[in-house]
Amino acid sequence: MKKTHFEWDDEKDKENQARHNVSFSLAQHAFLDPHRIIVEDINHSGEEERFYCIGRAGEGIMTVRFTYRGNAIRIYGAGYWRKGRKMYEEQNKVH
């Protein structure tokens, strides 16, 4: 059985760092959050299913856009966005 791993396009990573100040290597940490949320990107119209992982990483709650390709989780975007943080906080309310 092959182990799941992360992959990304280096140019996309550089663009993401310039635009959102977040590296894809840091974005991987959101997947380690035991309270993370995975939601499908229903607005994506391409052939490939895409998802969001919303979890704690670095300085706060990060939203990571990704897809599954075989045993790889391919990251194609990440940032600290209010909408993701709000969803995370609502999902993880302490009762």
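Biologist: Is alanine 57 buried or exposed in this predicted model?

Modeller: The model is predicted, so local features need pLDDT of at least 70 and side-chain atom pairs count only at pLDDT 80 or more, whereas totals for chains, interfaces and linings use all residues. Residues are numbered from 1 along each chain as its sequence is written, and side-chain values use heavy atoms, with hydrogens and water left out. Buried means under 20% relative accessible area, exposed over 50%, and partly exposed in between, with a 1.4 Å probe and protein chains only. Since alanine 57 has a relative accessibility of 5%, this residue counts as buried.

Biologist: Which residues is alanine 57 in contact with, leaving aside its neighbours within four places in sequence?

Modeller: Alanine 57 has its place in strand 3, which covers residues 51-57; strands (E, at least two residues) and helices (H or I, at least four) are DSSP runs, numbered from the N terminus. Contact means heavy atoms within 4.5 Å. With those sequence neighbours set aside, the contacts of alanine 57 are Leu26, His29, Ala30, Met62 and Tyr80.

Biologist: What pattern does the chain follow when read along the sequence?

Modeller: The chain has 3 helices and 5 strands. Read along the sequence, these elements follow the pattern β-α-α-β-β-β-β-α.

Biologist: Why is the chain described as being as compact as a globular protein of its length?

Modeller: The radius of gyration is taken over C-alpha atoms, and the globule rule is 2.2 Å times the number of residues to the power 0.38. For 95 residues that rule gives 12 Å, and the chain is as compact as a globular protein of that length because its radius of gyration is close to this, at 13 Å.

Biologist: What is the angle between the planes of phenylalanine 66 and tyrosine 68?

Modeller: Rings of Phe, Tyr and Trp (its six-membered ring) pair if their centres lie within 6.5 Å, and planes under 30 degrees apart count as stacked, over 60 as edge-to-face and the rest as tilted. The structure holds 6 aromatic pairs. Phenylalanine 66 and tyrosine 68 form an edge-to-face pair, 5.2 Å centre to centre, and the angle between their planes is 90°.
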